[in-house]
Amino acid sequence: FLLQVDPTYTGRVGASEAALFLKKSGLSDIVLGKIWDLADPEGKGYLDKQGFYVALRLVACAQNGHDVNLSSLSLTVPPPKFHDSSSPLLITPPSAEPLWAVRLEEKAKFDGIFESLLPVQGLLSGDKVKPVLMNSKLPLDILGRVWDLSDIDKDGHLDKDEFAVVGF
């Protein structure tokens with residue numbers, strides 16, 4: 001999806017490009033406005049990769065009848081559906097899994113980083129993950145949301161799969 005709205009790999013999706021793309025979800029402008037506010041909490045006027053991911057997750061939540069709020073981000077939902085007759089690439093394939101899955105080569109990289117942090121009984125504490133998150137240079141409130149999204153079972157630790165969700 002990101003390539004569709006950021007073909008030159010700037011790492012940013014402007015408001016107008018994002019709006020045009022998100023409108024293809026079929027959601028109302030009011031719902032899309034809420035999604036934008038949550039995906040761009042600092043009012044930067046663009047979405048980075050993480051913000052775009054949040055927007056896609058919220059579109060999927062809204063399309064499946066869930067409230068548009070940060071707590072909905074942890075729900076398990078099928079990927080979002082976008083309709084555009086001129087671009088068959090935007091039509092959701094029958095298999096939902098690949099759109100949210102971590103690519104194999106990325107998973108191997110994340111698994112290596114995970115192991116280098118010396119997990120205890122297959123888990124990393126927040127203290128061990130914090131330096132990795134801080135290296136991203138993202139604001140602390142965003143890092144807190146990344147942690148909340150990654151710690152799927154809310155046990156205060158990340159297993160190997162939860163760590164891969166962090167995506168750094």
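**Reading salt bridges, burial and backbone in a predicted model**

Q: Which lysine side chain meets that of aspartate 48 in a salt bridge?

A: Lysine 44 does, with N to O at 3.7 Å. The term covers a side-chain nitrogen of Lys or Arg within 4 Å of a carboxyl oxygen of Asp or Glu. This is a predicted model, where local features need pLDDT of at least 70 and side-chain atom pairs count only at pLDDT 80 or more, while totals for chains, interfaces and linings use all residues. Residues are numbered from 1 along each chain as its sequence is written, and side-chain values use heavy atoms, leaving out hydrogens and water.

Q: Is lysine 44 buried, exposed or partly exposed?

A: Go by relative accessible area: under 20% is buried, over 50% is exposed, and partly exposed is in between (1.4 Å probe, protein chains only). Lysine 44 has 35%, so it's partly exposed.

Q: How many salt bridges does the structure hold, and which are the others?

A: Three in total. Lysine 23 pairs with aspartate 29 at 2.6 Å, N to O; here lysine 23 is partly exposed at 46%, and aspartate 29 is exposed at 53%. Lysine 160 pairs with glutamate 115, their closest N and O atoms being 3.1 Å apart. That pair links distant parts of the chain, with lysine 160 in helix α9 and glutamate 115 in helix α6 (residues 104-116), 45 residues apart. Both partners are partly exposed: lysine 160 at 31% and glutamate 115 at 39%.

Q: What about aspartate 40, which has no salt bridge?

A: For charge, Lys and Arg count as positive and Asp and Glu as negative, with His and the chain ends not counted. Aspartate 40 is buried, and its nearest side chain of opposite charge, lysine 44, is 4.9 Å away. You'll find aspartate 40 in the loop between α3 (29-39) and β2 (46-47). A polar atom of its side chain lies 2.8 Å from the backbone nitrogen of glycine 45. Counting heavy atoms within 4.5 Å as contact, aspartate 40 touches Gly45, Tyr46 and Leu47, leaving aside residues up to four places away in sequence.

Q: How many helices and strands are there, and in what pattern?

A: Helices (H or I, at least four residues) and strands (E, at least two) are DSSP runs, numbered from the N terminus. The protein has nine helices and four strands, and along the sequence they read α-β-α-α-β-α-α-α-β-α-α-β-α. Buried residues make up 35% of its 168 residues. Of the contacts with a separation of 6 or more, 50% come from residues 24 or more positions apart.

Q: Which residues of helix α7 are buried, and why do they line one face?

A: In α7 (residues 126-134), the buried ones are Val129, Val132 and Leu133. They fall within an arc of 100° seen down the axis, so they line one face of the helix; the arc is taken from the directions from the helix axis to the C-beta atoms. What covers them includes β3 (124-125), α8 (140-150), β4 (157-158) and α9 (160-166).

Q: Where does the backbone have a positive phi at a residue that is not a glycine?

A: Most residues other than glycine have a negative phi. Leucine 118 has a positive one of about 55°, and glutamine 121 has one of about 50°. Leucine 118 is exposed at 59% relative accessibility, and glutamine 121 is exposed at 80%.

Methods. Polar contact = N/O pair within 3.5 Å; in protein donor to acceptor, adjacent residues only side chain to side chain.
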